[in-house]
Amino acid sequence: MISQILATAIFVAMFAMIVWDKIERHITTTVAAVLMIVVVFLISMGSPQAVVETLNLAAFFKPSFWYNTGAAETAVGINWETIVFIAGMMIMVEGMGRAGFFRWLCLGIAKLVKYKTIPILATFMAMSAVLSMFIDSITVILFLAAVTSELAKILKFDPVPMIIAEIFCANIGGSATMCGDPPNIIIGTSLGFTFADFLTNTGLVALICLVLVMGYFILCFKKQLKKSEQNRADTVSYPQPAEAIIDKQRFIRSTAIFAVAILLLITHAQTGLTVSTIGVIVALLTFITTSKTGMKYIIHHIDYKTLLFFVGLFIVVGGLEETKVLELIAGFISNISSGSPVLIIIIVIWLSAVASAFVDNIPFSATMIPVITSIAATQDMSLATLAWALSLGTDLGGNATPIGASANVMGISVASKNGHRITWGKYCKYCAPATIIVVAICTVYVILRYVI
């Protein structure tokens, strides 16, 4: 009991400090992680084993870390697969940026829509959602936020509104398929659902939500973006996309590596390669095809602060897992949801959404799987229906806060790295209401389609 209170207190304090936003978030999560290890694991629990499990260093030596062996594993603590994957993609993205790929892409899109900011916003939102259906949303936001930042420098507008909208749409697109968002991968592999199962069930409501959200963000940011467009109309010269390509060979190599990354991510279910392996492959390809000067540049520009933030966050969430706090939340759903199928659906979706706004949705979805399996058996409900409710709740609920999903953290980090700070207040001002809207739509959709 004491351990649960301490773990919860550390998490709440960490969350409050991140919201306060006066101390760099990687410092906050690192301090919280150290406190979790020392105070909770070693002093309160007296369990060095909990430290070992949470640090999860043994993951590197498991075959399943590098190749999908067929068994779904949801280890406690640091998800090194995610860390290695993000690091690998960072290296690839830095190499692509140095080759001029992002500037070329953003200029090409801008030219296609005649450099109008509202069409650019709409195009980028749609692109974010569609790509996230087939490629991990973290990867999509990595390069799309970079593209937006590059475009903002040229067209003289604030990229923050576009990046916020892109993050939101990436998570919507990720909810549509099994490979789009990590919770869906966990749910699909654990319960035996396929890519087609997700597409025909969560995909339809994701499309509805995307259309509404695109309209929502255009209304929110139309005035601001229009103003910036008017201010730069007579002063900005529009360079041609080809001008972004300084070294044609380097550009071709980086584009080819990017194509390989997309191919590996789309087909990793068939090839068996894990995302950590894919991250290592693209990083190695980038280094192999880069000069020594280029390697030094890339290594220097890797966003180590974001990687450290993820490590600290995983450790703190691991503390909530080790002390069974997440199980208490899951048990709460099981206890109060007996009876009405409609009530069960509402509780699963909304509690998953609220929890995923503050706790990483990967461990939460893993914790909830045995709960919905038990509910399906005891309440005579369809397990598939509960799975879609859990998927939509965890995927879309993560949109509400800057730390609710990995794509959120990544997009905000890219913006910050380019000199554009997205505060908690600004993010939540637009995304929290939008999250409530889409979760409400999903609730009605699931009840009407599967219960009534």
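Is Ser 413 buried or exposed? In this predicted model, Ser 413 is buried, because its relative accessible area is 4%, under the 20% cut-off for that class.

Let us look at its surroundings. Ser 413 belongs to helix H20, which covers residues 406-417. A polar atom of the Ser 413 side chain sits 2.8 Å from the backbone oxygen of Val 409. Leaving aside residues up to four places away in sequence, Ser 413 is in contact with Arg 25, Asp 303 and Thr 306.

Now to the surface. A nonpolar patch is formed there by Trp 20, Ile 23, Ile 27, Val 31 and Leu 35, and together they have about 440 Å² of accessible area. Helix H2, residues 25-44, contributes the most to this patch, with three residues. Leu 35 is found in helix H2, and with a relative accessible area of 38% this leucine is partly exposed.

Here are the two residues side by side:

The largest nonpolar core holds 158 residues, and Met 92, Phe 217 and Leu 386 have the most contacts inside it. Helix H8, residues 137-155, supplies the largest share of this core, 13 residues. What does Phe 217 touch, not counting residues up to four places away in sequence? Its partners are Leu 121, Met 125, Ile 164, Ala 165, Phe 168, Tyr 430, Cys 431 and Ala 434.

Key. Residues are numbered from 1 along each chain as its sequence is written. This is a predicted model: local features need pLDDT of at least 70, side-chain atom pairs count only at pLDDT 80 or more; totals for chains, interfaces and linings use all residues. Side-chain values use heavy atoms; hydrogens and water are left out. Helices (H or I, at least four residues) and strands (E, at least two) are DSSP runs, numbered from the N terminus. Buried means under 20% relative accessible area, exposed over 50%, partly exposed in between (1.4 Å probe, protein chains only). A polar contact is a pair of N or O atoms within 3.5 Å; within protein, one must be able to donate a hydrogen and the other to accept it, and residues adjacent in sequence count only if both atoms are side-chain atoms. Contact means heavy atoms within 4.5 Å. Patches are made of residues with over 30% relative accessible area and no salt bridge: like charges are joined within 9 Å, nonpolar side chains (Val, Leu, Ile, Met, Phe, Trp, Tyr) within 5 Å. Accessible areas come from the Shrake-Rupley method with a 1.4 Å probe; for residues, only the protein chains shown count as cover. A salt bridge is a side-chain nitrogen of Lys or Arg within 4 Å of a carboxyl oxygen of Asp or Glu. A nonpolar core is a set of buried Ala, Val, Leu, Ile, Met, Phe, Trp, Tyr and Cys residues joined through side-chain atoms within 4.5 Å.
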